[in-house]
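The following questions and answers examine how the parts of one protein chain are arranged. Please consult the sequence and the structure while reading.

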Amino acid sequence: MKIHGLQKMTLLDFPGKVACTVFLGGCDLRCPFCHNAELIDGTVPAVMDSTELLAFLKKRQGLLEGVAVTGGEPLLRGDELTELAERIRDLGYPLKLDTNGTHPDRLRTLIDHGLVAYIAMDIKNSPERYARTCGLETMDLAPVRESAALLMEGKTEYEFRTTTVAELHDEESFRKIGEWIRGAKRYFLQKFTDRDTVPFEGFHAPSDEQMKLYRAVAREYIPGAELRGVEE
Ligand code: SF4
């Protein structure tokens, strides 16, 4: 299995753990604010294969406390990802998975087999604005809704998160998201940050005050809603 990136140590990607982050190329969405746009069409060269990754993880036993797998969309790898997750578990590492929620069956397989300790799922925007926020003309939201409902069953630790862009989100976005995932255990509003790799030029981060307003709206439905990337 091809691995398209490896950050050997991070304190940011797996809550409460010193982890490495594994990047898997390929994504079924085309979010115009994507931070990993070079990964989404899956054409960047691989940096290693899963055998080399597992050898690295074996060497780091006792130093790393977890493995975060991100993309792209990792669940596009299907059975290959399940097999990798089993090997990572066999090495004693808990796994954190980032997902856009478009493959609920594959997500359920990982959860049912106890292969994932923490899942971070994107909620891109309100249902009405979802397709546009994902860079698509139309989109069947049913799989995303199914993944969100699956996480809210609470069989594994999870968070929902929304990368918040001034040109794509407003109060109504967070009202509709709040109605959708009302009562979620954890929900983070992350401030968009621009980078050279973001495919669409012209997006901006909301102000800190706007972010706090959006959090207040979200908290009407999700009392634990929090901000990331905002000075308090
Ligand atoms: S789902 Fe994630 S990786 Fe895929 S295009 Fe959107 S932001 Fe990028």
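Q: How many aromatic pairs does a search of the whole structure find?
A: The model examined here is predicted. A search that covers the whole structure gives an aromatic pair count of 5.

Q: What is the geometry of the aromatic pair formed by Phe192 and Phe203?
A: A pair of aromatic rings is described by the distance of the centres and the angle of the planes. For Phe192 and Phe203, the centres are 6.2 Å apart and the planes make an angle of 85°. Planes over 60 degrees apart count as edge-to-face. The pair of Phe192 and Phe203 is therefore edge-to-face.

Q: How many residues apart in sequence are the parts that the pair of Phe192 and Phe203 ties together?
A: Both Phe192 and Phe203 lie in the loop between β9 (187–191) and α8 (208–219). The pair therefore ties together parts whose separation in sequence is 11 residues.

Q: Are Phe192 and Phe203 buried or exposed, and which residues form one aromatic cluster?
A: Phe192 and Phe203 are both buried. The aromatic cluster to which they belong is formed by Phe192, Phe200 and Phe203.

Q: Over which ring does the charged end of Arg228 sit?
A: The charged end of Arg228 is 3.7 Å from the centre of the ring in question. That ring belongs to Phe188.

Q: Which residues have the most contacts inside the largest nonpolar core?
A: The largest nonpolar core has 68 residues. Ile181, one of those with the most contacts inside it, is in contact with residues including Phe160 and Tyr187.

Q: Why does Phe174 count as buried?
A: Phe174 is found in helix α7 (residues 171–180). Among the residues that Phe174 touches are Thr162, Leu189 and Tyr214. Buried means under 20% relative accessible area. Phe174 counts as buried because its relative accessibility is 0%.

Methods: Residues are numbered from 1 along each chain as its sequence is written. This is a predicted model: local features need pLDDT of at least 70, side-chain atom pairs count only at pLDDT 80 or more; totals for chains, interfaces and linings use all residues. Side-chain values use heavy atoms; hydrogens and water are left out. Rings of Phe, Tyr and Trp (its six-membered ring) pair if their centres lie within 6.5 Å; planes under 30 degrees apart count as stacked, over 60 as edge-to-face and the rest as tilted. Helices (H or I, at least four residues) and strands (E, at least two) are DSSP runs, numbered from the N terminus. Buried means under 20% relative accessible area, exposed over 50%, partly exposed in between (1.4 Å probe, protein chains only). A charge sits over a ring if NZ of Lys or CZ of Arg is within 6 Å of the ring centre and within 35 degrees of the ring normal. A nonpolar core is a set of buried Ala, Val, Leu, Ile, Met, Phe, Trp, Tyr and Cys residues joined through side-chain atoms within 4.5 Å. Contact means heavy atoms within 4.5 Å. Lists of a residue's contacts leave out its neighbours within four places in sequence.
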